Amino acid sequence: MEEHFILRVPQSVADRLDKILNEDPASASDDFLDLAFQDARTGKFTIGDDQFPASLHDLPCVLESYKTYDDNVLIKTADIGQIIMVRERGDTAPDGPEYKHGLTPAMRDARRRRFRREPDINPDLIQQVENDLQSIMAGGTARDVDVEVVEQEEDANDDAEAEEPAPRASATSKKEKAAGAAIPAATPAATKKPPNEASGEGDEDFEDLMDEDDEEN
């Protein structure tokens, strides 16, 4: 990956740069190009004998640059996130390190018109949360928080009974139950009740037998 940046210059400087880049190197003019920074954000752009103030700003969004060798396949070369603003003498530099506009008219004032607004949060609250997180990561607790450890007691016998599976019927018992259900229950055989002597049942039969014996005699 290469390192790229956007160089934006006034129209007068752009015409001179276009002339220098398009002319034959053998017959190049004596115009000298230089870009030097006095600090991290401000510097000077030199072309020939003229110097112009320059400033470095961050773009509101990251751009991508591509190049091609056959006008068909594009190859990404870099991510561009900064712009160098070269301005005329006496012009004021944009406020802040971030340039609020994009490169196209559709991205004008992009930070306010197209991006989500930053939440209105108290900086002291953010610092407090950061300190609490560092304390928790170090093994401590957050500030103004009461910690109570509660242990749940469980009966070992109850756990054993809960884990013990219910008895399962064997295959033999199932077959026996099925056979018992298929065969009807046997009815008891009819038996002749003996004569009841107390009630006098059977006396008439005895007298008939005695009469038959007498006749035979």
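How many residues lie between E3 and E4 in their hairpin? There are two, and glycine 48 in the turn has a positive phi of about 65°. This is a predicted model, where local features need pLDDT of at least 70 and side-chain atom pairs count only at pLDDT 80 or more, while totals for chains, interfaces and linings use all residues. Residues are numbered from 1 along each chain as its sequence is written, and side-chain values use heavy atoms, leaving out hydrogens and water.

**Strand pairing**
- Helices (H or I, at least four residues) and strands (E, at least two) are DSSP runs numbered from the N terminus, and two strands pair if DSSP finds at least two bridges between them.
- Six bridges link strand E3 (residues 42-47) to strand E4 (residues 50-67) in the antiparallel sense, with threonine 42 opposite serine 55 in E4.
- E4 also runs antiparallel to strand E5 (residues 75-86), joined by ten bridges; here tyrosine 66 stands opposite lysine 76 in E5.

**Nonpolar cores**
- A nonpolar core is a set of buried Ala, Val, Leu, Ile, Met, Phe, Trp, Tyr and Cys residues joined through side-chain atoms within 4.5 Å; buried means under 20% relative accessible area (1.4 Å probe, protein chains only).
- The largest nonpolar core has ten residues, including Val13, Phe45, Phe52 and Ile84.
- Helix H1 (11-22), E3, E4 and E5 each give two or more residues to this core.
- Apart from it lies another core of five residues, among them Leu59 and Met85.

**Aspartate 109**
- Aspartate 109 sits in the loop between E5 and helix H2 (110-113), and it counts as buried because its relative accessibility is 15%.
- Beyond neighbours within four places in sequence, aspartate 109 is in contact (heavy atoms within 4.5 Å) with Lys100 and His101.

Notes:
Buried < 20%, exposed > 50% of the residue type's maximum accessible area, 1.4 Å probe, protein only.
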